Amino acid sequence: MPRNARLGPRPLEDERGNLALVLAAMTGLAGLAPSDVVTRRLERARALIPSLDLSHPDEQDPAWAALLDAVTVQETRFFRAASQLLDFRELCLPTLFEGRGGQPVKILSAGCATGEEAWSLALLASEAAQANSAPAPSVIGIDLCRHALAKAKVGKYPAGPPDALREVPTSYRQYFLQQGGDVLLPAHLHAMTQFMRANLLRLPAGLGQLDAICCRNVLIYLTDSARHEVLRGLVQHLAPGGALLLGATDSPPPKLGLRPWAADTVAIWRKDAR
Ligand SMILES: C[S@@+](CC[C@H](N)C(=O)[O-])C[C@H]1O[C@@H](n2cnc3c(N)ncnc32)[C@H](O)[C@@H]1O
């Protein structure tokens, strides 16, 4: 297709073909599988389609960025799958602090949506760092969706209903600030947490080496080959001995040098030491 090939207004019978072309381009761009959810969202966002340059899908192009904002699914909550996060706190973090020999541990929330996962990791890790006399960790949240990232950066969430803190273990609730119907994160967590827009298929080199990566409820939206590519890229950024937290139903492809962190942990993997 020639460069700058845009889909102008088309008769109704061409619309299915247009949607199929855009879905295929989104798979190439962000790895998104043409699932029912994505297709429905794309149909709702069809007004955006005529502005797309189909010959050159690019997440930096405002038209493609708007489409990705519209079709991605941002469902998340604080301390989602709390028992896995508590295992991470108990079993992984002390080992990671030890391995860093006094340097801050670096944690990535890959596909952070509106930020609740990154803030939960920051809260756990800062509390564990204090308990282990380790320096405050650094947490980075990355996502493709611009409006989700804007909310994540502000770190202010409606208290509910439904209760924004419904999955937060009681001992961690004290750290959330309440203000006029919202919950906010304390300043010390803001100081150690940052958010940036990035495509998991093309991770920025500046991400450097990470001690722990949490990529949960993201891979389920991707095609098989994109899933493998994303995992390969993430594991390349993981330090030897680092921890990878996936969703309970995700299994990493073989030959990435990962093994279960412990016999009874769910979806926590450890990268082999060199
Ligand atoms: C359902 S949310 C998961 C949020 C959080 N990890 C959790 O488990 O609660 C999935 C997120 O993945 C993001 N995402 C999907 N594909 C992506 C890609 N290729 N690059 C970056 N983010 C992506 C979406 O924008 C969305 O915010």
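Trainee: Which residues is R100 in contact with, leaving aside its neighbours within four places in sequence?
Mentor: R100 is in contact with V105 and D211. Keep in mind that this is a predicted model.

Trainee: Where does R100 sit?
Mentor: Its place is in helix α4, which covers residues 82–100.

Trainee: And is R100 buried, partly exposed or exposed?
Mentor: Partly exposed, because its relative accessible area is 31%.

Trainee: Is R216 buried or exposed?
Mentor: R216 counts as buried, because its relative accessibility is 4%.

Trainee: What does R216 touch, not counting residues up to four places away in sequence?
Mentor: Its contacts are R80, A81, Q84, L85, E117, L245, L246 and G247. With Q84 there is also a polar contact of 2.8 Å between the side chains.

Trainee: Now the sheets. How many strands are in the one that holds β7?
Mentor: Seven, forming an open sheet in the order β6-β2-β1-β7-β8-β10-β9, with mixed pairing. At the edges stand β6 (193–197) and β9 (258–260), each with a single partner strand, so one side of each has no neighbour in the sheet. On average, neighbouring strands here are turned by 25° against each other, direction ignored.

Trainee: How does β7 pair with β1 and β8?
Mentor: With strand β1 (residues 106–110), β7 pairs in the parallel sense over three bridges. The pairing of β7 and β8 is parallel too, over five bridges.

Trainee: How many residues of β8 are buried?
Mentor: Eight of its nine, so strand β8 (residues 238–246) is mostly covered.

Trainee: Which strands does helix α5 touch?
Mentor: Helix α5 (residues 116–131) packs on the seven-stranded sheet, touching β1, β2 (138–143), β6 and β7. The direction of α5 makes about 160° with that of β1.

Trainee: And what about helix α6?
Mentor: Helix α6 (residues 146–154) packs on the sheet as well, touching β2 and β6. Its direction makes about 165° with that of β6.

Trainee: What order do the strands have in the sheet of three?
Mentor: The order is β3-β5-β4, in an open sheet with antiparallel pairing. Its edge strands are β3 (156–158) and β4 (177–179), each pairing on one side only. Neighbouring strands in this sheet are turned by 30° against each other on average, direction ignored.

Trainee: How many bridges join β3 to β5?
Mentor: Three bridges join β3 to strand β5 (residues 182–184), and the two run antiparallel. Y157, for instance, stands opposite V183 in β5.

Trainee: Last topic, helices α1 and α3. At what angle do their axes cross?
Mentor: The axes of α1 (residues 15–30) and α3 (residues 62–71) cross at roughly 95° and come within 12 Å. The two helices are therefore roughly perpendicular to each other.

Trainee: Which residues meet there?
Mentor: From α1 they are V22, A25, M26, L29 and A30, and from α3 they are W64, L67, L68 and V71. The residues of this contact divide into nine nonpolar, no polar and no charged.

How values were computed: Residues numbered from 1 in each chain as written. Predicted model: local features only at pLDDT ≥ 70, side-chain atom pairs only at ≥ 80, totals over all residues. Heavy atoms only, no water. Axes fitted to C-alpha atoms, helices over the stretch in contact; angles between N-to-C directions. Helix = DSSP H or I, 4+ residues; strand = E, 2+ residues; numbered from the N terminus. Parallel < 35°, antiparallel > 145°, perpendicular 65-115°, else oblique. Contact = heavy atoms within 4.5 Å. Nonpolar A, V, L, I, M, F, W, Y, C, P; charged D, E, K, R; others polar. Buried < 20%, exposed > 50% of the residue type's maximum accessible area, 1.4 Å probe, protein only. Polar contact = N/O pair within 3.5 Å; in protein donor to acceptor, adjacent residues only side chain to side chain. Pairing = 2+ DSSP bridges.
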